[in-house]
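Q: I have a structure open and would like to go through it piece by piece. Can we begin with what a pocket is?

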Amino acid sequence: MKIAIVGAGKLGMSVAKALLGGDHSVTIIDTNEAVIEKISSQMDVMVVQGNAKEIKILKQLDIDTYDYLIATTFNDEANIVISSFAKKLGCSKVVARVRDPEHMQQINFIKETMDIDHIVNPNQGITVEIYKYLAEKYTLSNGIFSSGKVSLVEFPVKRYPRLIGRSMRDIPEILPNMLVAAVSKNGKVIIPHGDEIIDKDDFVYVIGEKGPILELNSKVHERGKYTDLQKVMIVGGGKTGFYLAEMLSEFGAAVKLIERDKDRCHYLSTHLEDVMILHGDATDLTLLEEENLDMMDAFVTVTGFDEDNLLLALTAKQHGIEDVIATVSRSSYAEIISRMGIDMALNSLDITTSNILHFVQGSKKILSSHLIEGQAEIMEIIATPHMQILDTPLSELELHDGILIAAIHRGSQVIIPKGDTEIHENDRIILLSLLKDRAITESLIKDTGRLGFFRRR
């Protein structure tokens, strides 16, 4: 497909790299000449230096020949206008990044009036994942993901002690016809392989046929554990802090939100009901202690500074807060946070990129998906005729460590794959992938239009 990306910032480049893995034709448009030159020398894309709000730029690009335009600049209004112009000029589908709460309150009207097919909001996307973790964790009775005869359930390994200290090679003996698809260690989700050991404080994600999984779920499910979430402290009154405070307040939690900018505090206090807005610097431990940090059920730090988030998350954990969540923009910092024992580290860039890719791929390839702690994704994919993974034993595919074929639907049969298992055309594959490895996943599941490299002839 031909895809134009407007804006060469972090989101635009993340989407471009993932799309190139799927073998699409990508054009990047940006006003910064130096940035465009750098991209041209490093990536196999077409580049255009110019302002995409100018119709002449879109016409020169022959935007009517493009399948998608994705507007990812830092300006909401620019993204809306660019997307609308491109659609009017004949682009098949358009996507706009929009973040301001005022726009989100009337988003359906904007989409309809401006003829925009899809809108992504990084702040709202990451807010939803935090909310799900805090307000819905362990409250689902039938696992977190079900498709046909396959289900997946998450639980703390302490609820099933037989798994403690055991490696992945031991799982078939302990859980017949099931597979540990993912493990969360200190807030970091990994795809376990071979000799990976399950520790007592881990959370595991187990996949298998629905019947046995529901039976397992009845043994490990912690009913109502998180329905009494009462007190939450949020640091950072930006868009993510705003959305999260609003959602948790509606859920019924008592929310304290700390913001250092006085004008922003005034805005928050006039737009949020039943939320205590505190003006101050949360890196001041005295302030946190005065506001009863020790009594919080959860602590979420969503400032725009990774270093502050690291410090604040560590402080909260040292004060014994059960659930501590931090947002980070650098993947290297997510690694550090996981080593610190923080419960959850989220990167909005990964989540938003995944959202955009789903829309571009449509429903023909990916039937459904579900994010795991905002770090990994479980997807149901139809095996199309020219995927490179067909008709070859999985052991010979040399899959990346961040990718796992977790189950296969073949007609009425459910297959929990082993090394000699092969994927056939029209199989429905349950695939688990780390969000940071989205480009590799795209390359793996792309339909090349010819026999795949791995396929036997």
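A: On a 1 Å grid over the protein atoms alone, a pocket is an open set of points with protein on both sides within 12 Å along at least five of seven lines, and lining residues have an atom within 4 Å of a point. A volume is the space filled by probe spheres set on the points, which are joined across faces, edges and corners. This is a predicted model, where local features need pLDDT of at least 70 and side-chain atom pairs count only at pLDDT 80 or more, while totals for chains, interfaces and linings use all residues. Residues are numbered from 1 along each chain as its sequence is written, and side-chain values use heavy atoms, with hydrogens and water left out.

Q: How much space lies in the largest pocket?
A: About 880 Å³. The pocket is lined by 38 residues, and the closest to its centre are N123, V302, T303, G304 and S348.

Q: Which element gives the largest share of that lining?
A: Helix α13 does, with 4 residues. Elements that supply at least two residues each include α1 (10-21), α7 (122-135) and α13 (306-318). Helices (H or I, at least four residues) and strands (E, at least two) are DSSP runs, numbered from the N terminus.

Q: How do the lining residues divide into nonpolar, polar and charged?
A: There are 13 nonpolar, 15 polar and 10 charged. Asp, Glu, Lys and Arg count as charged; Ala, Val, Leu, Ile, Met, Phe, Trp, Tyr, Cys and Pro as nonpolar; the others, Gly among them, as polar.

Q: New topic: sheets. In what order do the strands around β1 come?
A: The order is β3-β2-β1-β4-β5-β6, an open sheet of 6 strands with parallel pairing. Two strands pair if DSSP finds at least two bridges between them. β3 (46-49) and β6 (118-120) each have a single partner strand, so one side of each lacks a neighbour in the sheet.

Q: How many bridges join β1 to β2?
A: 5 bridges join β1 (residues 2-6) to β2 (residues 25-30). Within β2, T27 is the bridge partner of A4.

Q: And which strands make up the sheet with β12?
A: That open sheet also has 6 strands, in the order β14-β13-β12-β15-β16-β17, with parallel pairing. β14 (275-279) and β17 (344-346) stand at its edges.

Q: Where does α13 lie?
A: Helix α13 lies across β12, β15 (298-301) and β16 (323-327), with contact meaning heavy atoms within 4.5 Å. It runs at about 175 degrees to β16; axes are lines fitted to C-alpha atoms, for helices over the stretch in contact, and angles run from 0 to 180 degrees between N-to-C directions.

Q: Last one: how many salt bridges does the structure hold?
A: It holds 18, each a side-chain nitrogen of Lys or Arg within 4 Å of a carboxyl oxygen of Asp or Glu. One of them joins K87 and D117 at 3.0 Å, N to O.

Key: On a 1 Å grid over the protein atoms alone, a cavity is a set of points where a 1.4 Å probe fits but cannot get out, and a pocket is an open set with protein on both sides within 12 Å along at least five of seven lines; lining residues have an atom within 4 Å of a point.
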